[in-house]
Amino acid sequence: MFQISNRLIGINEPPYIIAELSANHNGSIDTAKLSIKKAKESGADAVKLQTYNADSMTINCDKNDFIIKDGLWKGYKLYDLYDEAHTPYNWHKELFDYAKDIGLTIFSTPFDEGAVDLLNELGTPAFKVASFEITDLPLLSYIAKKGKPMLISTGMASENEINEALETVRINGCNSVLLFHCISSYPAPIDQVNLKQITNIKKTFDVIVGLSDHTLTNTCAIASIPLGACAIEKHFTLSRRQKGPDSAFSVEPNEFMQLVKDTKDAWNALGKTSFERPNIESQNKVFRRSIYFIANLKAGDKIMENHIKRIRPGYGLPPKFYDQIIGKTLKKNVTAGDPVSWDQMLLEV
């Protein structure tokens, strides 16, 4: 368990819900600020940016290697995609200040050392590492030395690559690590999300685990909670109709609000592993079966099978005593409808 800002994150805490703004500002700082406001109103624990520019991600090259061949961004040159989607560095302070002013935690994903330094200067409470950068061990090392919690997505990563990433950040002083199970597909098909990997990551690497969810519904996020997910990251947009680079696999405010409610309901429903029964059940114990007289009897009569019955409600002796009661002698009068109790009878046959 560790803390981001004033919020504990761990298996015994409600799920930490992150609204990923990514490119959904669509080039407008006003849209970015409104998105932060709506994320707060929708119940997000934090909003997350992505800190890069085209030159920190790639080079401006037209060669075939730099053209996206398929998927959501098919046909884009890498440089042009990142140039369109980036959050300008000169917005960051204003966005960080705005989120803090409205009481919402804000942090970001840096993609190079310069972005790490910028975020550190802004007082980021944590760093996110994208799936595509999990193998950039020099970058992970640089981030880890800043002494902040790290949330690392594991999309595309092998067991060995995840282990290398964890070893790198731990050697460099970061022990507050959460691994996000993630499928790097945009959107991700539900039948390939493989949520069981959450329990495997937790067991294999002994870390706190979350889900970075790129599916089009909230089903996987909700289902991840009983598997041990402590944090959920979901792309957030004011409206998919705005048609930004990431809008197609992002959720709108009303959907995000439902995500927050349903994941926290799922966490609350988990309860405890003990056999202790919840208090809410106690009032219904009266509707269990118990033993009642179904005949009028006098003191001195012997109780026969046709005199008693196991029925609801539960104010009489439990049914397990049925055989012991047969043949007992009454020491007081009873009437049909009286619950059977030991003080009505002699204990000798």
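Tyr52, Tyr82 and Phe111 are joined into a cluster by ring pairs. Keep in mind that this is a predicted model. If you search the whole structure, you get 5 aromatic pairs.

Let's take one from that cluster. How are the rings of Tyr52 and Phe111 arranged? Their centres are 5.2 Å apart and the planes sit at 80°, and over 60 degrees counts as edge-to-face, so that's what we call this pair.

Now, where do these two come from? Tyr52 is in the loop between β4 (46-51) and α2 (54-57), while Phe111 is in the loop between β5 (105-110) and α5 (113-121). So the pair ties together parts that are 59 residues apart in sequence. And buried or exposed? Tyr52 has 4% relative accessibility, so it counts as buried. Phe111 comes in at 10%, and that's buried as well.

Okay, next pair: Tyr186 and Phe249. Here the ring centres are 5.3 Å apart with the planes at 55°, so this one is tilted. Again we're looking at loops: Tyr186 lies in the one between β8 (177-182) and α8 (197-205), and Phe249 in the one between β10 (229-235) and α10 (253-270). That means the pair ties together parts 63 residues apart in sequence. Both Tyr186 and Phe249 are buried, too.

What sits over the ring of Tyr322? It's the charged end of Arg310, 4.9 Å from the ring centre.

That's me done, thanks.

Key:
Residues are numbered from 1 along each chain as its sequence is written. This is a predicted model: local features need pLDDT of at least 70, side-chain atom pairs count only at pLDDT 80 or more; totals for chains, interfaces and linings use all residues. Side-chain values use heavy atoms; hydrogens and water are left out. Rings of Phe, Tyr and Trp (its six-membered ring) pair if their centres lie within 6.5 Å; planes under 30 degrees apart count as stacked, over 60 as edge-to-face and the rest as tilted. Helices (H or I, at least four residues) and strands (E, at least two) are DSSP runs, numbered from the N terminus. Buried means under 20% relative accessible area, exposed over 50%, partly exposed in between (1.4 Å probe, protein chains only). A charge sits over a ring if NZ of Lys or CZ of Arg is within 6 Å of the ring centre and within 35 degrees of the ring normal.
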